[in-house]
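Please keep the sequence and the 3D view open while reading.

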Amino acid sequence: AANQPEHFEAQGTIMAVDLHKHMVTIDHSEIRGLMSPMTMAFPVQSPEILSGIAVGDRVTFRLLRAPDTLTIVTLVKEAVTAEETVVLHVEGMT
């Protein structure tokens with residue numbers, strides 16, 4: 001069972017993108033069952049995964065861990081919302 005491929009879901013912020021080496025550096029939160037929060041460079045399964053990704057983007061990603069590799073297989077940019085800055089004042093509601 002130790003040699004079986006495993007998948008892990010994670011979130012983080014893009015710190016660097018290297019299109020030529022098919023690598024992305026992510027400052028990620030804890031990846032449960034795999035590693036503590038850190039900034040780390042990961043290879044991507046295909047260069048298309050990096051399309052539209054830029055430094056500073058918040059992303060969710062899926063890692064594939066095989067016996068000798070750790071590869072990003074999906075990378076999705078999170079929608080930008082302004083919910084931290086939205087304050088609603090509701091008066092007179094019954």
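The points below go from the sheet to the core, the ring pair and the charged pairs.

1. **Ground rules.** This is a predicted model, in which local features need pLDDT of at least 70, side-chain atom pairs count only at pLDDT 80 or more, and totals for chains, interfaces and linings use all residues. Residues are numbered from 1 along each chain as its sequence is written, and side-chain values use heavy atoms, with hydrogens and water left out.

2. **The sheet.** Five strands make an open sheet, and the order is S3-S2-S1-S4-S5. The pairing is antiparallel. Strands here are DSSP runs (E, at least two residues), numbered from the N terminus. Two strands pair if DSSP finds at least two bridges between them. Strand S3 (38–43) and strand S5 (69–77) are the edge strands; each has a single partner strand, so one side of each lacks a neighbour in the sheet. On average, neighbouring strands of this sheet are turned by 45° against each other, direction ignored. For that angle, axes are lines fitted to C-alpha atoms, and angles run from 0 to 180 degrees between N-to-C directions.

3. **Strand S4 and its partners.** S4 covers residues 58–66 and pairs with S5 in the antiparallel sense over eight bridges. A hairpin of two residues joins S4 to S5. Across this pairing, Leu 63 stands opposite Ile 72 in S5. Val 59 stands opposite Lys 77, also in S5. S1 and S4 pair in the antiparallel sense over eight bridges. Gln 11 stands opposite Thr 60 in S4.

4. **The nonpolar core.** Which residues touch the most other members of the largest nonpolar core? They are Ile 26, Phe 61, Leu 63, Ile 72 and Leu 75, out of 18 residues in the core. Such a core is a set of buried Ala, Val, Leu, Ile, Met, Phe, Trp, Tyr and Cys residues joined through side-chain atoms within 4.5 Å. Strand S1 (6–18), strand S2 (23–28), S4 and S5 each give two or more residues to this core.

5. Thr 71 is in strand S5. Is Thr 71 buried or exposed? Thr 71 is buried, with a relative accessible area of 16%. Buried means under 20% relative accessible area, exposed over 50%, and partly exposed in between (1.4 Å probe, protein chains only). Not counting residues up to four places away in sequence, Thr 71 touches Pro 43, Val 44, Gln 45, Arg 62, Leu 63 and Leu 64.

6. **The aromatic pair.** The count is one aromatic pair. Rings of Phe, Tyr and Trp (its six-membered ring) pair if their centres lie within 6.5 Å; planes under 30 degrees apart are stacked, over 60 edge-to-face, and the rest tilted. The ring centres of Phe 42 and Phe 61 are 5.8 Å apart and their planes stand at 50°, so the pair is tilted. Phe 42 lies in strand S3 and Phe 61 in strand S4, so the pair ties together parts 19 residues apart in sequence. Phe 42 is buried at 0% relative accessible area. Phe 61 is also buried, at 1%.

7. How many salt bridges does the structure hold? There are four. The rule asks for a side-chain nitrogen of Lys or Arg within 4 Å of a carboxyl oxygen of Asp or Glu. Arg 65 forms one with Glu 6, with the closest N and O atoms 2.4 Å apart. Arg 65 lies in strand S4 and Glu 6 in strand S1, so this pair ties together parts 59 residues apart in sequence. Arg 65 is partly exposed, at 29% relative accessible area. Glu 6 is partly exposed too, at 32%.

8. The side chains of Asp 57 and Lys 77 meet in a salt bridge (3.9 Å, N to O). Asp 57 sits in the loop between S3 and S4 and Lys 77 in strand S5, 20 residues apart. Asp 57 counts as buried, at 14% relative accessibility. Lys 77 counts as partly exposed, at 43%.

9. Glu 78 forms a salt bridge with Arg 58, and the closest N and O atoms are 3.9 Å apart. This pair links the segment after S5, which holds Glu 78, to strand S4, which holds Arg 58; the two are 20 residues apart. Glu 78 is partly exposed, with a relative accessible area of 25%. Arg 58 is partly exposed, at 38% relative accessibility.

Conventions
Helix = DSSP H or I, 4+ residues; strand = E, 2+ residues; numbered from the N terminus. Contact = heavy atoms within 4.5 Å.
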